[in-house]
Amino acid sequence: MRLLRTRAGRLEAGAFAVEGPQGVREACVMASGLRTVYATASALDRFPEMIASARSNRAEVVMVTDDVLDAMAETLAPQGVIAVCDLIDASLEDVIRPAARMAVVLESAADPGNVGTIIRTADAAGADGVVLTGGSTDPFNGKVVRATAGSIFHLPVVESVDLSLLVNRVKEAGMALVVATGDGEHDLFDWIGEAPKSVCWAFGTEAHGVSDELRAAADVRIRIPILGSAESLNVGSAVAVCLFAEVAHRRGRLKPSHEDPTH
């Protein structure tokens, strides 16, 4: 298990670890890729359906003591279960493709908690996948996996993608590249009514924003209006606002208003 705590170790083993019942439950319903579930005696009693699902997928179920599980875990409260799964292979073409309606690109996203939260948000919004450019954190890092709350199993996540390759692929797929930046020319809520059917949303880091290369490649640069005194939004919050604005637009929930918003 210690081997799986590093990127090099995960690549060597071709596997990653999932801690806690929420993530392990999602791992257990996979058709393939689940290797082993380690569980304490109390966890075997508390999660019988999860364990049955693991066994039906021909995964090995190993009972361990509380002390052993605690020693295996990265967290202080793994809640009695840890799974080991095959690394999930995904390609850029799985996410950026002509039939895709919504994709998310994170440029140089280094914070694992943010990355995991964004993968979960993208899953909740029905996105086709998430792309991480070079310099981003490993999506199978333990903290990322825990923050996804199982969403790592629901949609393709592609890592270490060259930015120029990504931009070319977006153009070839016929998706609109929409970059979120604080100085964007278009207010998100003014523009969203014009959003095309296929959008690739791109976000930079909170410290540095998007690169000049990504900014220049954008078809549209949008900004999220800040109405209070906050300087900006956390990138995870910004992703949620943009994706669910698009969801609302698609469902006809956002109606044009001719009223002065200050009244």
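Good morning. Since the model is predicted, local features need pLDDT of at least 70 and side-chain atom pairs count only at pLDDT 80 or more, whereas totals for chains, interfaces and linings use all residues. Residues are numbered from 1 along each chain as its sequence is written, and side-chain values use heavy atoms, with hydrogens and water left out.

Let me begin with a pair of helices. Helices and strands here are DSSP runs, of at least four residues in state H or I for helices and at least two in state E for strands, numbered from the N terminus. Helix H7, residues 112-124, packs against helix H12, residues 235-250, at an angle of about 10 degrees, and their axes are 9 Å apart. That makes H7 roughly parallel to H12; angles under 35 degrees count as roughly parallel, over 145 as roughly antiparallel, 65 to 115 as roughly perpendicular and the rest as oblique. The axes are lines fitted to C-alpha atoms, for helices over the stretch in contact, and the angles run from 0 to 180 degrees between N-to-C directions.

Which residues in H7 and H12 meet? From H7 they are Asn114, Ile118, Thr121, Ala122 and Ala124; from H12 they are Val235, Gly236, Val239, Ala240, Leu243 and Phe244. Contact means heavy atoms within 4.5 Å. The residues of this contact divide into eight nonpolar, three polar and no charged. In that division, Ala, Val, Leu, Ile, Met, Phe, Trp, Tyr, Cys and Pro count as nonpolar, Asp, Glu, Lys and Arg as charged, and the others, Gly among them, as polar.

I turn now to the cores. A nonpolar core is a set of buried Ala, Val, Leu, Ile, Met, Phe, Trp, Tyr and Cys residues joined through side-chain atoms within 4.5 Å. Buried means under 20% relative accessible area, exposed over 50%, and partly exposed in between, with a 1.4 Å probe and protein chains only. The largest nonpolar core has 58 residues, and those with the most contacts inside it include Leu34, Trp201 and Ile222. Helix H12 gives the most to this core, with seven residues. Apart from it lies another core, of 24 residues, among them Ala90, Leu92, Leu163 and Val170.

Arg169 lies in helix H9, residues 163-173. Is Arg169 buried or exposed? Arg169 is buried, at a relative accessible area of 18%. Leaving aside neighbours within four places in sequence, Arg169 is in contact with Leu92, Glu93, Ile96, Arg97 and Pro98.

Next comes helix H4, residues 48-56, in which Met50, Ile51, Ser53 and Ala54 are buried. Seen down the axis of H4, its buried residues fall within an arc of 160 degrees, so they line one face of the helix; the arc is that of the directions from the helix axis to the C-beta atoms. On the other side of H4, Glu49, Arg55 and Ser56 are exposed. The buried residues of H4 are covered by elements including helix H2, strand S2, helix H3 and strand S3. Just after H4, Arg58 takes a positive phi of about 65 degrees.

Finally, two further residues have a positive phi. Gln79, in the loop between helix H5 and strand S4, has a phi of about 60 degrees although it is not a glycine. In strand S7, residues 157-161, we find Ser160, whose phi is near 55 degrees. Gln79 is partly exposed at 47% relative accessible area, and Ser160 is partly exposed at 49%.
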